[in-house]
Amino acid sequence: MQSRAYASRLPRLASPHRVANSEPSDQKTVMSRIPEAEILPITANLSDSGRLAIGGCDVRDLVEQYGSPLYIYDEATLRDVCRDFVGSFTAEYPNTHIEYSSKAFANPAVSKIIEEEGLDMDVVTGGELAVAIAADFPAERMNFHGNNKGREELVEALRYGIGLITLDSFAEIELLNEVAGELGVKQQVMLRLSPSIDPHTHMLTSTGILDSKFGFSIETGDAEVAVKQALEQDNLDVVGVHFHLGSPIFELEPYSEAIDYVLKFSADMRDKYGLDLKRFSPGGGFAIGYVSDTLPPAMSDYAKEIAVAIRKGCDTYGLDEPIVSVEPGRAIVGRAGVAVYTVGGIKTIPDVRTYVSVDGGMGDNIRPALYDSEYAVVPVDRPNAVRNQIVTVAGKFCESGDVLARDVDLPEVETGELLALPASGAYCLMMASNYNMQTRPAVVMVNDGEARLIRRRETYSDLLASSLDLD
Ligand code: LLP
């Protein structure tokens, strides 16, 4: 298969990078427990030299080999989380599909693992679709989301034979019907509904409230018009409805509240227009721990809340139990990824603040600047050292808002030291930019003492190519 060939072309690290004792004894684990253990990848450990190791690889060795900043993804964590999702949800509701929302980290090597673990996958642009196609991701296990899909993107998706398209506007209903007609396809679709329910997360990542660009609002009556209109199209097969409240959602109740409301609406649409709810999705949004003192509910708790609410709603409103899909992005890749930076200048302003500047920042992780997101910081060379200093870790971009972690506890930091930010696997590199013409970092996947490059560091030639290619 093409994707296997792709994987085998990726360089692998030779054994020197293997951490000799990567299977810790219980004693070692207890004695050397890293304070951030619950938010780092599950393989995070101390190397024999007392440094942070992930996937059996010493993090400083990885940076020496691949450069800094470096994003490290742990394959064991990724697979473990996929299995946790599948196990937790199918235990509560067997007919559940776990659909990885690839916007969190779209990458062919990750897509391949998602495929091997039996998950479905969604995309929101032609670019994410191209990544899925590059990984040979099975078309019938894919869903095309997004609030403003273009004609070219829809044509590409239909040519690939995509299983589902989730429609988000009246214009899209018409456009897809037209495109499907031209290609001679009857396309299975879902409708994205907006239930006007607040999941109590950051305003910029709330998507299911009334004042949102996403979805057909049930409250305004748009959703009813959309159901009627979609059912009337010759080339569309409406198989169900979907909503996504936002993310990250640390509470369980918003899911059950919205599920009840949307199932009630679906039953109403069945009675009025004959909608047959074969498929239902309460979206994604499952939280992860970014800092050790704010941990999310267990996956099994989310699964139970959702399954119980769907069963109850179907029972109350006389619906057959549909196929369910949930769409985690962050919760699949977030914990698996760790960003590593090198400390440069250190500036102390007496009685005010100490700024520790690193060689990345808002160009590879804009989340703190955009959402005030918090990150923990782990000193790579001595994760267990006493943290006797409060500092602010700033980036290298020409913005005062370019701060990665404000007021974090660290030991006395030195220039040249490496700092790791756990929980950097979702939405950091995907929202990265070339601001200040900074190249974007390399990404390695580690597993069992070996590392492979899954995305190379950008070069200045990459930055110039799109301009100089013009003549
Ligand atoms: N499904 C739909 C329809 C979505 O719009 C999203 C996220 C997801 C699933 C996946 O949500 P997740 O499970 O990853 O929370 N850039 C922001 C997150 C924006 C997510 C937008 N939609 C961040 O960095 O937190």
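Predicted model: local features only at pLDDT ≥ 70, side-chain atom pairs only at ≥ 80, totals over all residues.
View 1. On the domain 1 side, the elements that give two or more residues are α1 (2-9), α13 (367-371), β20 (442-447) and β21 (450-455). Helix α1 makes the largest share of that side, with four residues. Sorted by class, the side of domain 1 that touches domain 2 has 18 nonpolar, five polar and seven charged residues.

**View 2. Stepping back, the protein chain splits into domain 1 (2-67 + 336-462) and domain 2 (76-331).** Domain 1 gives 30 residues to the contact, and domain 2 gives 28 residues.

**View 3. Isoleucine 72 sits in strand β4 (residues 70-74).** Is isoleucine 72 buried or exposed? Its relative accessibility is 0%, so isoleucine 72 counts as buried. Leaving aside residues up to four places away in sequence, isoleucine 72 touches Ile54, Val59, Leu62, Ala336, Gly337, Val338, Val340, Val444 and Val446. Now find arginine 452: it is 380 residues from isoleucine 72 in sequence, yet the two C-alpha atoms are 9.8 Å apart in space.

**View 4. Helix α5 (residues 108-116) is largely enclosed by the rest of the structure, because eight of its nine residues are buried.** The buried ones are Pro108, Ala109, Val110, Ser111, Lys112, Ile113, Ile114 and Glu115. Look at the start of α5 and you'll see a side-chain oxygen of asparagine 107 reaching to within 2.9 Å of the backbone nitrogen of alanine 109. Just after α5 comes glycine 118, with a positive phi of about 85°.

**View 5. Two prolines follow cis peptide bonds, one from serine 68 to proline 69 and one from serine 247 to proline 248.** Most peptide bonds are trans. For the bond from serine 68 to proline 69, omega is near -5°. Proline 69 is in the loop between α3 (59-66) and β4. For the bond from serine 247 to proline 248, omega is near -10°. Where is proline 248 found? Check the loop between β11 (236-242) and α10 (253-273).

**View 6. Serine 196 has a positive phi of about 55°, although it isn't a glycine.** Most residues other than glycine have a negative phi. Serine 196 belongs to the loop between β9 (187-194) and β10 (216-217). With 25% relative accessibility, serine 196 counts as partly exposed.

**View 7. Methionine 437 is another residue that is not a glycine but has a positive phi, here about 55°.** You'll find methionine 437 in the loop between β19 (418-421) and β20. How does methionine 437 count, buried or exposed? At 52% relative accessibility, methionine 437 counts as exposed.

Definitions and conventions
Residues numbered from 1 in each chain as written. Heavy atoms only, no water. Domains from an automatic or database assignment. Contact = heavy atoms within 4.5 Å. Nonpolar A, V, L, I, M, F, W, Y, C, P; charged D, E, K, R; others polar. Buried < 20%, exposed > 50% of the residue type's maximum accessible area, 1.4 Å probe, protein only. Polar contact = N/O pair within 3.5 Å; in protein donor to acceptor, adjacent residues only side chain to side chain.
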